[in-house]
Amino acid sequence: MSKTVSGFSKFSKEEKIDWIAKSFFDDSEKAKEVLKQYWNTNKYLQDLHDDFIENTVSNFYLPYAIAPNFKINGKDYAVPMVIEESSVVAAASLVAKFWSTRGGFKAAVISTTKIGQVHFMYQGDYEALQRYFESKKQHLFETTSEITKNMRKRGGGILNIELRDKTSELENYYQLHVTFETVDSMGANFINTCLEAIANEFKKDDIQVVMSILSNYVPECLVRAEVSCNVNNLYAEDAEKYTQKFVQAVQIANAEPHRAVTHNKGIMNGVDAVVLATGNDFRAVEAGVHAYASKSGVYKSLTNATVENGVFKFWIEIPLALGTVGGLTSLHPLSKFSLGLLGNPSAKELMQVIAVAGLAQNFAALRALTTTGIQHGHMKMHLTNIIKQLGASEEEKQFLINYFENKTVTHNAVVEAYNKLVQDK
Ligand code: MEV
């Protein structure tokens, strides 16, 4: 049977599922059941999800959780997180509580400029091109004034249009490097619409435009978050020794890209979870953040730590292009809920919350790695998952948790201990 299809997008949902199930599964009825069990019985919600993308056949659920007790710039937040990794929310909650009694997190937005580019090829004289651009620049602002009208009312718009000579990177390659302020919207559509209008003006004069698109590298849409306390307040025992190990762990991530990638992955556990929960574009954030980690030419840690005069300081600096209006943020009822939970923040405030979520995850990971090791906490969560799968009673669960307190958790070991417990009854 052929496994290719034409006109798939025109099929009804039922026909799509039928075709997938029959073409790719031996038990097609079971396959249909799996997809359909995630359909939402609320027709409004299902229609909403169906329309987000093409060819929707089901919904893919991820857990939606809350990490409470984040104190940021003196304000209390309960932070929404969407993530499948078992230890992330537990770690965020612990770290939030920990820092809430040590002055909380301080965060500040450094800048909010976004970037878009019109990439074009030009064979002639550069000085002539410069003269042409200068004569045209004002007109480019005027051409886009209808598009930027509402954004300007909100305090945003096009900040500058610059001609850049890129011929040392690629023969005949120039660009218009356009900077934007998009206030509370992520601004992708706004930026791309402006760029295409600008590019059209160039095309009218027979300039060979290759493409016009925003850049997800936003090193000037930057936020910083920080915690600090006396070293003696950081660990219950051997504070100096463990603080030193913590700082060394950050130094290692700064010195060694293999470690830096994992270090930053842990940061993104927190960042992505809140980005997703608030309906923001996590692919854009991921791409921009990792490019920023490589800005020196070597991939490095996004966090830094120091100890000076007995004071421990730990901070993060990351680019985050986010929106709190437009896009999915108001369309998806849970994104809207998340923003409500955060007190309907501006994009700037959300940048601060998300940077803090990243810093908190990194703190949790480094603290675990430089003390008990990461598996201790992970395996605790893993243990409760296995116990749940085994269908253990509350009493059996407590017994197994105590039993594995100082033992290595493996799936087999837990199953064996459980079977023995049941047999011995
Ligand atoms: C796991 O998702 C994240 C960590 O590997 C991060 C780190 O090593 O810093 C624990």
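Helix H5 covers residues 126-143, 18 residues in all. At 1.5 Å a residue it should span 26 Å, and its end C-alpha atoms lie 24 Å apart, which agrees. The expected span is 1.5 Å times one less than the number of residues. Helices here are DSSP runs of H or I with at least four residues, strands are runs of E with at least two, and both are numbered from the N terminus.

This is a predicted model, in which local features need pLDDT of at least 70, side-chain atom pairs count only at pLDDT 80 or more, and totals for chains, interfaces and linings use all residues. Residues are numbered from 1 along each chain as its sequence is written, and side-chain values use heavy atoms, with hydrogens and water left out.

H5 has a kink of about 40 degrees centred on Lys-136. The bend at a residue is the angle between axes fitted to the seven residues ending there and the seven starting there. Lys-136 is also one of the buried residues of H5, along with Leu-129, Tyr-132, Phe-133 and Leu-140. Buried means under 20% relative accessible area, with a 1.4 Å probe and protein chains only. An α-helix has 3.6 residues a turn, so residues three or four places apart point the same way.

What do the buried residues of H5 pack against? They pack against strands S4 (114-121), S5 (157-165) and S6 (173-181), and against helix H7 (188-204). Contact means heavy atoms within 4.5 Å.

Two strands pair if DSSP finds at least two bridges between them. Eight bridges join S4 to S6. Met-121 stands opposite Tyr-173 in S6.

Another open sheet of four strands has the order S3-S8-S10-S9, with antiparallel pairing. Strands S3 (106-112) and S9 (303-308) stand at the edges with a single partner strand each, so one side of each is left without a neighbour in the sheet. Six bridges join S3 to S8 (residues 221-230). Lys-106 has Glu-226 in S8 as its bridge partner.

Notes: Buried < 20%, exposed > 50% of the residue type's maximum accessible area, 1.4 Å probe, protein only.
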